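I opened this notebook to keep track of salt bridges, accessibility and pocket lining. The entries follow the order in which I looked things up.

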Amino acid sequence: TELDRLVASFERGRLRYEGARAVLVGKPNVGKSSLLNALAGRERAIVTPIAGTTRDVVEATIALPGGAMVVADTAGIRDTRDPVEQAGTERAYAAIGDAHCVLAVLDGAAALDDDDLRVASAVGERAVIVLVNKSDLQCQLSESEIVGVFPRAKLIRVSAVTREGLDAVESALGAALFGGEDEGGDGEVTLFRARHRDAVRLASDGLARAESGLRERVPTELIASDLAAAADALGSITGEISSEDVLDRVFAEFCLGK
């Protein structure tokens, strides 16, 4: 029903209203900062050949199909004794926890190592899109190797240098967070407040009970009560319908016993 579709729209609406967040994670020097700059279309993060350049979380906002999203670049995850780099790694873990979607970046021109496994462990069961970067170089990673480490991930081969695959990344993020191009368009009515979602859910339940009552020929008073409860729930959002309006209509059109 339309009410059920409204309830289902809550997550998309909430993300549009509150803002969606994605995070780039990976070991040092896989190209996270370069990918952030490529997605943002400007030099947002410092890029150097020196591993561990990124120590803090750097963010940029990008436009996606369905809404805008903040993408965060994080410090490389690896085994280190450098206290500053350790602090950056801790912030990377925190950013993963705050993100709605994780972009795990692998170096496609190098074999998997223990630091890549640490990244997979940090991601855990989160929704993840694996970006196999440096597709402009000779590939050293097979799909089966990657799936063995990230079994539930969507894989996209990209290049921060040539921009290959970036459109696919944006489409995948839009689909994962906002439902893609077929949902969440400009004409769609969505809910973004939990109170409104709960009210619509109550209204849907009330209408379902009323419909079931009509089929089962339950007393009309009970059907009217369910309709009034549904109207009250919707009226708590719109302020345009009251239970008295519903009851007046029911009593006017049905003959109710005393």
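Is Arg118 buried, partly exposed or exposed? I find Arg118 partly exposed, with a relative accessible area of 31%, where buried means under 20%, exposed over 50% and partly exposed in between, for a 1.4 Å probe and protein chains only.

Before going on, I note that this is a predicted model, in which local features need pLDDT of at least 70 and side-chain atom pairs count only at pLDDT 80 or more, while totals for chains, interfaces and linings use all residues. Residues are numbered from 1 along each chain as its sequence is written, and side-chain values use heavy atoms, with hydrogens and water left out.

**Salt bridges**

I looked up the partner of Arg118 and found Asp79, the salt bridge having an N to O distance of 3.9 Å. Asp79 sits in the loop between strand E3 (67-73) and helix H4 (83-98), whereas Arg118 belongs to helix H5, 39 residues apart; helices (H or I, at least four residues) and strands (E, at least two) are DSSP runs numbered from the N terminus. Asp79 is exposed, at 61% relative accessible area.

I then turned to Asp113 and Lys27, whose closest N and O atoms are 2.9 Å apart in a salt bridge. Asp113 lies in the loop between strand E4 (101-107) and helix H5 (114-123), and Lys27 in the loop between strand E1 (20-25) and helix H3 (32-40), so the pair ties together parts 86 residues apart in sequence. Lys27 counts as buried at 8% relative accessibility, while Asp113 counts as partly exposed at 31%.

**Second largest pocket**

The second largest pocket holds about 220 Å³ of space. Of its 13 lining residues, those closest to the centre are Gly124, Arg126, Val128, Arg152 and Ala153. On a 1 Å grid over the protein atoms alone, a pocket is an open set of points where a 1.4 Å probe fits, with protein on both sides within 12 Å along at least five of seven lines, and lining residues have an atom within 4 Å of a point. By class, I noted 8 nonpolar, 1 polar and 4 charged residues in this lining, with Gly counted as polar and Asp, Glu, Lys and Arg as charged.

Technical notes: Points joined across faces, edges and corners; volume = space filled by probe spheres on them. Salt bridge = Lys/Arg side-chain N within 4 Å of Asp/Glu carboxyl O.
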